[in-house]
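I opened my notebook beside the viewer today and jotted down what I looked up, one entry at a time. Here is how it went.

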Amino acid sequence: MTEIFTKANSADVIKAGSAKLAVRNRDTKLIVTDRISLLFFSFIAILVTTKQVFCFICRFECNTSFGRTAMRPASLNLSWLTLNTAKFATIVNVPKIKGVSFEASTAKSVQERIRDLNMQARQFASAVTAIQTNANYKMNGVSGRSLQVTPWGSPRLLSPVDVHHIPEYIEADRDQHYSPGHSPNRYRWSRTGSLKSSNKVILDVGENTKLKECEQLWDAEKDSITQKLPDLLSDSHREISLQEAQYLAAVLASNETPLILGTLTIVANLAVFSVNQDKFREAGLIAVLPKLVLHSNRQIKQKTCLVVTNMAMNEKNNNEMRSVTISLVSLFRTASLADPALITSALLALVNISVMSSWQKEIKTSLHKCYSLLDEGHWNSDGFSFQSLRLLINLSCNEEMVPSLLAAQAPSKLIYMVDISMPEEVVLRVLTLLANLASVTKRLNIDSLHLPAENKAAAPDTMYAAVFGLSMVERLKKKVRSLSERHANSDVCLQARRLLDALSD
């Protein structure tokens, strides 16, 4: 009997232990479930909190049709979370976060909340896009594409760094002649050169008045002038009166091509004398020349260039030749290499005009072509390569022109022009040009970042890179040093030493 009781007690003990173990397992499962739920919702809370912190950092808010909404990043793609917690009925105590509310019971599934977040992000993206692309997106630099973050791109939001894309800021910057990023101890270059050339002759009021006077004189006294013309053209080596100068200017202001051709030759010869130069200026001849430089007749163009070449030697005449300079630059830029005589004639005129600095800034747009002509190798005294080199030297004597000269596209054969085998007059002038550029660059501490943007060549092709580039400067120094030591011409040696000093640190 005792044995049976003992066995019964043992069975009861086993059953009681099993019940307790089952209760313990159930409690353990509930605890595990609670912890999983807590971890999951903590993860969701961290994501939302991160969004709120990001909003706080950006400090960017927008008013939209759906209310005032703090900036959100692009929609959070959490679709990979497939766990549905709607099965859990466990109550989870999650700390409250400002702007984020969790119900005690997860009435909505995770996927539903993800869908809500994505919908809000899309609404925000549409609102910001509408704000930033108001009027014309090309003006503010922001495109109308989606702000969704993808592996191929990210949104570009308007930030304080991008204020210069807004139209009202653009106008303010146009009045500045230097970049705001320039160092205060650097020379700030004024960009006053003409950006475009035109075949249209633009005269100021004084020039236009003088041109009309010449045209009116021709219309009023055409017959009388035509009768006196043979006498006027009979001798080109004499001093003329003011009236004779007025008659000759009137002929050039006419539309009579044969008369203009004959008269230009005589005027060019008469303009050799300084007294005649003054008379021609007083007669209004300078106002007539721009139209003739751009005449449709090639011979008239070339002969007019010769007249300008002689007239420009007079300082007072030179000071009135702005319109003439602009016309010459237009002719020079459009002239074909197949017509070297016309190019040379235009260059000769520009060389004499550039002796003074008055109108050098009007020549900026032709610097690329000036350098390119050096590569053609026409080094005889009347060759356009030689005349182009003379023009560049005149311009390099003006330190205000040096930045533009450095920004232009360098000749591809520059390094070979600094060689003892080159003609003496060419080597001397090339060294003079380089020494002028290098000296000003060193004195004013110019670097490639501060070259004027107008008419600037690509960075590796600029004259600055050809002289100061890491791959070129040592080669240039070596060749120049050889010239300074071996060349027989003392002027060549002098310019070579100037260049070496400017290139040294």
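This is a predicted model: local features need pLDDT of at least 70, side-chain atom pairs count only at pLDDT 80 or more; totals for chains, interfaces and linings use all residues.

**Entry: cysteines**

How many disulfides does a search of the whole structure find? I got 0.

**Entry: the whole chain**

I stepped back for the overall numbers. The chain has 505 residues, and buried ones make up 41% of them. I counted 21 helices and 2 strands. Taking contacts with a separation of 6 or more, I found that 72% of them join residues 24 or more positions apart.

**Entry: the core**

Next I went to the largest nonpolar core, which has 109 residues. Among the residues with the most contacts inside this core are Phe280, Leu285, Met321, Leu328 and Tyr371, and Leu431 and Leu434 belong to that list too. Helix α18, residues 424-444, gives the core its largest share, 11 residues. Beyond four places in sequence, Leu328 touches Val293, Cys305, Val308, Ala349, Leu350 and Ile353.

**Entry: helix α9**

Is helix α9 enclosed or open? I found 8 of its 9 residues (285-293) buried, so α9 is largely enclosed by the rest of the structure. The buried ones are Leu285, Ile286, Ala287, Val288, Leu289, Pro290, Leu292 and Val293.

I stopped at Leu289, which is found in α9 and has a relative accessible area of 0%. Leaving aside neighbours within four places, Leu289 is in contact with Thr304, Val307, Val308 and Val324. I also checked Leu289 against Leu211, 78 residues apart along the chain, and their C-alpha atoms are separated by 9.5 Å.

**Entry: two crossing helices**

Then I turned to helix α5 (residues 205-232) and helix α6 (residues 242-252). Their axes come within 8 Å and cross at roughly 110 degrees. Angles of 65 to 115 degrees count as roughly perpendicular, so α5 and α6 are roughly perpendicular to each other. On the α5 side the contact includes Cys214, Leu217, Trp218 and Glu221, and on the α6 side Glu244, Gln246, Tyr247 and Leu248 are among the residues involved.

**Entry: two serines in α15**

My last stop was helix α15, residues 384-396, where Ser388 lies. What does the side chain of Ser388 have 2.7 Å from one of its polar atoms? I found the backbone oxygen of Cys370 there. Apart from neighbours within four places, Ser388 is in contact with Leu347, Cys370, Leu373 and Leu374.

The side chain of Ser385 reaches the backbone nitrogen of His378 at 2.9 Å and the backbone nitrogen of Gly377 at 3.4 Å. Not counting residues up to four places away, Ser385 touches Leu373, Leu374, Glu376, Gly377, His378 and Trp379. Leu373 and Leu374 were in my Ser388 list as well.

Technical notes. Residues are numbered from 1 along each chain as its sequence is written. Side-chain values use heavy atoms; hydrogens and water are left out. Helices (H or I, at least four residues) and strands (E, at least two) are DSSP runs, numbered from the N terminus. A polar contact is a pair of N or O atoms within 3.5 Å; within protein, one must be able to donate a hydrogen and the other to accept it, and residues adjacent in sequence count only if both atoms are side-chain atoms. Contact means heavy atoms within 4.5 Å. A nonpolar core is a set of buried Ala, Val, Leu, Ile, Met, Phe, Trp, Tyr and Cys residues joined through side-chain atoms within 4.5 Å. Buried means under 20% relative accessible area, exposed over 50%, partly exposed in between (1.4 Å probe, protein chains only). A disulfide is a pair of cysteine sulfur atoms within 2.5 Å. Axes are lines fitted to C-alpha atoms, for helices over the stretch in contact, and angles run from 0 to 180 degrees between N-to-C directions. Angles under 35 degrees count as roughly parallel, over 145 as roughly antiparallel, 65 to 115 as roughly perpendicular and the rest as oblique.
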